[in-house]
Amino acid sequence: MSTMSTATAPLEYNYTYEEHLSLLLARCPDRSYGEDMVVSNGAGQRSRALRSSASLHAAMAVSGLIMVLFLLAHMYGNLKIFEGREAFDGYSGYLREVGEPLLPRVGALWIIRVVLLICVLVHIYAAFTLWHRSRSATAGKGGWRYETTKNRRGVQRSYASFTMRWGGVIVGLFVIYHLLHLSADYIAPGGASPSPYQRMVNGFSIWWVVLSYVIALIALGFHLRHGVWSAFASLGANSSVARRRGLNQLATVVALLILVGFLIPPLVIFAGWVR
Amino acid sequence: MNVTLRIWRQHDRHAAGRMVSYGVESISPDMSFLEMLDVLNEQLTAAGDDPVAFDNDCREGICGMCSLVINGIAHGPEELTASCQLYMRHFTDGDTIDIEPWRSPSFPILRDLIVDRSAFDRIIQAGGYISAPTGAAPDAAAMLVPKKDADRAFDAATCIGCGACVAACPNGSAMLFTGAKATHLGALPQGQLERNSRALAMVNQHDAEGFGGCTEIGECTAVCPVGIPLDMISRLNGDVLSALRDNTT
Amino acid sequence: MVELFTVGETIRDTKAPGGPIQEQWEARRFGAKLINPANRRKLSVIIVGTGLAGASAAATLGEAGYQVKSFCYQDSPRRAHSIAAQGGINAAKDYRNDGDSIRRLFYDTVKGGDYRSRESNVYRLAEVSSAIIDQCVAQGVPFARDYGGLLDTRSFGGVQVSRTFYARGQTGQQLLLGAYQALERQVAAGTVEVHTRHEMLDLIVIDGKARGIVVRDMVTGALETHVADAVVLASGGYSNVYHLSTNAVGCNTTATWRAHRKGALFANPCFTQIHPTCIPVSGEHQSKLTLMSESLRNDGRIWVPKEAGDGRDPREIPDGDRDYYLERQYPAFGNLVPRDVASRAAKNQCDAGRGVGPGGRGVYLDFADATARLGRAAIEEKYGNLFDMYHKITDEDPYQVPMRIYPAVHYTMGGLWVDYDLESSIPGLFVVGEANFSDHGANRLGASALMQGLADGYFILPNTINDYFVKNPSTEAIDASHPEAVKAVDAVRARINTFLTINGARSVDSFHKELGAIVWEYCGMERNAEGLQHALGLIGALRDEFWTNVKVTGANEELNQTLERAGRVADFFELAELMCIDAFHRLESCGSHFRTESQTDDGEALRVDDDFAYVAAWEFTGDNSPPKLRKESLEYHNVKLTQRSYK
């Protein structure tokens, strides 16, 4: 009888019972499994619950929502491009000075950066842990674990729900690219510049830069369409059928707002309306 | 009508399984899906083959024993319908119908279309109850329960524990089952004292059984034969979070 | 002619204490010996079945501290068929101030049972009914509430008080889940061990006492021996002897029948209840019948075409060509006559060729008048879920076309004989719920089955079994190697091997269907001597064929559903014969049992109290030997016997 050493090994649905047990054991080494599986309902529930999927989803929700707030602010800032170079660069400088003299220069910005970094790390850690659990819980095959090829897309699944994980990866890679491009001025298509305004204009005058941003923003839009709804539901806000509808509408609005809000500057620059 | 069935055959939990095709003829549209399988099994028996093993009992949609994934959909194409209440009139002559068991590593296949759902019993053991020893109850009228709470509890309590939610979930999560029980007991005044500890214990057992987390996709509620709504998962999530905030649990 | 049965000694002691009826239960509880909690841990109990009676008994005995082992054939205790009960549960709470009382519930139940139940047991049932509701509410059973937050009740089954508590149309489900959760709580506490997918195949009797059971692990086929200090059967009724019934397809008599063969008396097997408002059979393939709440008869009008073979669309048949036969025959009660009367009347119409639908086995239940009077919205509000269910099953829209209904077997009042302590004639074997014969006499009132199951499990058994333990201390430790246990296992194994080696030409189901058709025809709604004797001949011949020509595929050492069914059907054959003998011997009409030879001039049931006011408890005397009738005479000190009349 083959046994499984870790939960990461690929699972077939015709796994043996022993394999099932060792899978469970790898997941939760603090519990014993087998014919004498005992249910524990005594002490230690709280600390275990902190590592539960429900808690991880709550962590993803909170970190995700903080990032959504940041995106809304970021989007607002981007739109200052219409007020011209001075206003935009001035705003950019202000972000470095805000909080002075209580905080040192760039202090507030660093606080935001650290908070965002923590959110990103929590979000990614929780995502990969849950992804892994979900694959183990479906023999590595997710929604495609049935032999039949019929109805593989489920009964009512939204396209957005399919794209959460890989869409999240795309958004993550994009964020790195974006930071190297517009924040660090490390990658400089169209030419480097100390002026954030100029960096934007230089970059978004090139078709493939615009295209890469458009693709990433669409991925982000889908991610938010399901993510915002799902975040509220994970935090317990989905309390009725009507609320489910309402939260989904909210998610659509947020996703569209961010998608459109972020798309306007690059498209406008590419069209040559802002120079 | 005549149909072709492709059915998952697996001798026992240790054996490898595969899809096998069978033809069934002269099916009446008034037959239930399980009665159509009865006809197949009579055929197989007459030919000396092993009949297809499948779980079923009440055949009226309440016991939760039947568990077929039909053409990739748990309990088949009709909404709010368990496999046993599905009728052949919803299929057409000449159809090929794929029949598989619930697939979840937490529901080991015992034979053919039969799976072991004892994980659900253990989730209930962990906390899916109100501690009320026999004989200790006060008069039933001593506690008033607002009608809307009683109705909400009832809606949650109609869960038949079939496991279709797990079978349909792309994450293999049993949060709809667990959430329904937490909502049933948590909606009632009798259930408040244990509400926090119940939420934690049930969620921990849910995870320990190997079920995945909920990403709020909603496939579970779409296939649920009694229409347990998705908000019951959110209710459980909320209970878990408030239990974690309450450091006395 | 061979003698069908012999008559044995009368049963004298039922352990019911004397004295005024309202003091008997208290007296019995006081008289029962108690066990110190520390000593309860040393005592073990086996409970077979996890329906309302079995689950509530297991939970309660577990809480009390006994070591409990619980068994069920399903994959979880929550699947037991109690879950399908729709209507509600009676309790003498008198929350409505409508004149209800323990005494009235007692009286209604005895009268409803057509004076064939034991007064003392029924009074106790009424007495504990209140506590059941309290217990269930405390467990979180979501009973219907009114807008003030109080428990709602309704009037059910033709009684004049509103004493039925309900949870929409799923009361059984909610009560069972309450008991199931209490049971699982005890599993977590370590006092109860649940063995699912295990079927009891024999009882182990040692020194005349029930000491264990033989079970088959339905996944691996392993035969296991479990021993204990007492055995409780809570394995339900035997409606499936008719093949088509409203029971779950797995319901069977094997546990009770095996106990009967080991010496437990089987009482009143011919008392089987037929429910008038079921969805008719649609064809040969039918595997089970679905019941619809009889509340439908409150507004629906039952009719058949006057002309036999009138094939017109029912909507095109004018009033003048319709026979509203219940309203015509019973002007006072109309469509609301009791279950057995309505059922028999439907059968008579169909026998006369006026039936409708497939095979002419159905009558119309028409809501056209009610819809015109109350409006469609009101009908939808009251019966929406039932109409949807009917639509789903038949593909006919009852808002447009009259429903078709036909009677179906639904509950069995008969069962293993028990005394006041719920102990069978084998010491140490207790029987609770539908599996025993105790409280419903010849006919059960609506909403009383759930009451009895929970009364037995929560409150009665846990207060009587202790007396048995104290008076029957186990002197020797017993394990699976005891010769009686080994003998029982060997017998079970031999029987299984027989099934597997016959290798005949007919499937188990084909035998079950044929047996069911015989019992339904001759021991169903109407019985007579000639038909019953004929049926006995048919059953005997079919049984002989079964044992030489049945085909059971596969092996024992695997999950083998055909083998499971073979054992159940084999036991149904034997039970069917006893039912026919019991029906044959009871030459009177009472409750559900209608003998055509015993009717009044206008065709109503005629009870014969002088000759038949007794419980017929049957003793097994061997495979080819006639059963022995043991009578327990019924004496009524608190109610006056009256003849039913619904004219």
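I count a salt bridge where a side-chain nitrogen of Lys or Arg lies within 4 Å of a carboxyl oxygen of Asp or Glu. The model is predicted, with pLDDT of at least 70 needed for local features and 80 or more for side-chain atom pairs, while totals for chains, interfaces and linings use all residues. Residues are numbered from 1 along each chain as its sequence is written, chains are lettered from A in the order in which they are written, and side-chain values use heavy atoms, without hydrogens and water.

Entry 1. I looked up C:E564 and found its side chain in a salt bridge with C:R568, at 3.9 Å from N to O. The two sit 4 residues apart in helix α16 of chain C, so about one helical turn separates them. Helices here are DSSP runs of H or I with at least four residues, and strands are runs of E with at least two, numbered from the N terminus. C:E564 is buried at 11% relative accessible area, and C:R568 is buried at 8%. Buried means under 20%, exposed over 50%, and partly exposed in between (1.4 Å probe, protein chains only).

Entry 2. I turned to B:R111, which is buried at 5% relative accessibility. B:D50 forms a salt bridge with B:R111, with the closest N and O atoms 3.3 Å apart. This pair links distant parts of the chain, 61 residues apart. The side chain of C:E558 also meets B:R111 in a salt bridge, at 3.5 Å. That pair crosses between chains, from a loop of chain C to strand β6 of chain B.

Entry 3. I searched the whole structure and noted 76 salt bridges over all chains.
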